[in-house]
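Look at the model first, then read on.

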Amino acid sequence: MAVHPLAGASVPESMRINVPRLISDYYTLAPDPSQADQLVAFGTSGHRGCAFKASFNEPHILAITQAVCEYRASKGIDGPLFVGMDPHALSEPALRTVLEVLAAAGADCRFQQGFGYTPTPVISHAILTYNRGRVSGLADGLVITPSHNPPEDGGIKYNPPHGGPAGTDVTGWIEKRANALLETPGAVPRIPLARALRQGLCREHDFIRPYVLDLENAIDMQAIRNSGISIGVDPLGGAGLPFWEPIAEHYGLDITVVSTVVDPAFMFMSLDKDGKIRMDCSSAHAMAKLIAMKDSFSIAFANDPDADRHGIVTAGHGLMNPNHYISVAIDYLLAHRPGWPVAAQVGKTLVTSSMVDRVVAAHGRGVREVPVGFKWFVDDLLAGTCCFGGEESAGASFLRRNGEVWTTDKDGILLNLLAAEITAVTGKDPGDIYKELESRHGSPIYERLQAPAGMAQKKLLSSLSPEQVTSSELAGEPILAKITHAPGNGAAIGGLKVVTKNGWFAARPSGTEDMYKIYVESFLGRDHLERIKTEAQDMVDGVLTGV
């Protein structure tokens with residue numbers, strides 16, 4: 001995809017979304033159940049859509065929330081249900097709809113004090129903290145967020161008592177029931193929010209303090225404080241904003257929050273690669289403003305709106321490639337967490353850089369490769385059989401310092417603070433540490449290509465098979481594996497990965513947007529990478545010609 005001429009530039013006023021109209025459409029437009037693109041559809045991160053397109057409207061949220069209530073009842077889940085939201089324009093009305101349905105169902109629902117924002121990882125942390133040592137009365141959660149998606153989008157996802165994203169068995173049940181409910185408008189019971197609050201059916205909760213106080217059990221906060229390093233933070237107008245001042249105050253850290261603006265239109269952003277407003281903290285274009293400030297701090301970082309992703313900016317290297325930072329993080333943690341189980345593996349998604357495999361092997365540990373989606377790390381993080389779970393899209397979490405579970409969802413705040421710990425303890429720029437890893441393990445070049453794809457095209461791509469790769473070579477190297485099921489757990493990857501000794505590609509439809517993605521990596525240089533890209537694109541084009 002070519003870089004848009006306005007990529008990295010400030011958002012022009014002409015791109016401001018009409019927030020009042022968006023919210024009005026949330027309440028007044030109803031989905032047509034006969035239209036597939038207006039149904040409830042859970043991807044890798046819940047249901048996402050847009051009120052303008054009748055794909056994220058109050059009927060969707062009524063149906064999804066009621067389906068969650070019925071699922072909870074069927075499984076005997078009757079503890080508190082923690083509800084979080086991010087600052088997207090549709091999150092606020094959706095929260096109110098959710099609370100009205102939960103109140104009618106008699107759920108013990110809890111939301112941030114003052115209708116504040118709550119990051120995805122904080123909901124996971126709250127669930128796990130509450131459930132520790134319990135066998136009944138377990139908590140679960142809902143998070144209202146479309147993550148880094150454009151301002152007009154909305155999203156909602158369910159986290160069961162294990163604290164992480166719901167698996168496909170759960171989301172499939174919720175999706176099917178929700179779509180059945182869409183067929184009968186008005187069938188979902190609800191209690192007006194004012195009455196629900198007055199009667200104590202929904203309760204305010206402090207999510208901030210417990211999370212902040214617990215951070216020292218996962219991060220060496222004392223080392224950061226003692227080093228005196230200066231830290232810059234850009235929450236990108238997201239749910240992580242109210243956490244940074246308490247973190248700085250409690251632990252005595254030198255933290256500067258470079259922007260405290262919260263705007264549902266996200267007009268303060270820099271435009272992404274394709275010229276859209278997208279709060280992607282792994283994009284150098286979207287992160288242009290913080291990158292320009294890199295020399296002002298020892299280390300700087302940002303999060304996306306629900307703070308489950310991280311973006312690390314160093315003085316010497318600017319924005320770190322997520323694959324590079326994850327490699328550095330894993331290398332550091334395996335050497336500085338003596339309390340971790342010695343047999344614990346490192347989890348990675350199949351489109352994450354093979355540099356991870358080489359780093360982990362050097363530490364004498366194994367890699368557990370799973371499909372795209374953080375839900376595949378949940379059980380292993382809970383059990384401690386994986387000490388780290390990470391993906392190329394700048395999402396990761398890891399165990400507490402004593403080897404117990406921290407979160408089972410991506411935690412961008414945690415990974416940001418780890419960058420500060422690495423800087424404080426090693427005295428090095430994390431970008432320089434990655435260069436040291438390259439000197440030992442090779443220098444991979446990694447790229448992700450993407451292009452628009454409709455629902456039919458995405459379905460075709462998700463069913464790619466090894467038989468569709470007739471060649472025995474990829475870019476001049478013998479093909480070692482044609483993967484449609486992840487080596488780590490045998491689950492279908494929803495696409496195809498082709499592997500050689502020094503390179504690979506993976507093709508799969510996006511789980512969150514109307515596009516497909518091709519991931520490519522080579523340890524043999526640019527020319528080799530270009531050959532892989534060409535051969536991979538030719539294969540995908542051949543599949544899509546039938547649509």
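A nonpolar core is a set of buried Ala, Val, Leu, Ile, Met, Phe, Trp, Tyr and Cys residues joined through side-chain atoms within 4.5 Å. Keep in mind that this model is predicted.

Q: Which residues touch the most other members of the largest nonpolar core?
A: In soluble globular proteins, nonpolar side chains tend to be buried together. Here the largest such core has 70 residues. Those touching the most other members are I247, F388 and L418.

Q: How many residues are in the second, separate core?
A: Its members include L193, M267, L271 and A300. The count for this second core is 66 residues.

Q: Are the rings of Y446 and W504 stacked or edge-to-face?
A: The ring centres lie 5.9 Å apart, and the planes meet at 65°. Planes over 60 degrees apart count as edge-to-face. So the pair of Y446 and W504 is edge-to-face.

Q: How many residues apart in sequence are the parts that this pair ties together?
A: Y446 lies in strand β17, and W504 lies in strand β22. The pair therefore ties together parts whose separation in sequence is 58 residues.

Q: Is W504 buried or exposed?
A: Buried means under 20% relative accessible area. W504 has a value of 3%, so W504 is buried.

Q: Which residue has its charged end over the ring of W504?
A: The charged end sits 4.5 Å from the ring's centre. It belongs to K497.

How values were computed. Residues numbered from 1 in each chain as written. Predicted model: local features only at pLDDT ≥ 70, side-chain atom pairs only at ≥ 80, totals over all residues. Heavy atoms only, no water. Phe/Tyr/Trp six-rings, centres within 6.5 Å; stacked < 30°, edge-to-face > 60°. Helix = DSSP H or I, 4+ residues; strand = E, 2+ residues; numbered from the N terminus. Buried < 20%, exposed > 50% of the residue type's maximum accessible area, 1.4 Å probe, protein only. Lys NZ or Arg CZ within 6 Å of the ring centre and 35° of its normal.
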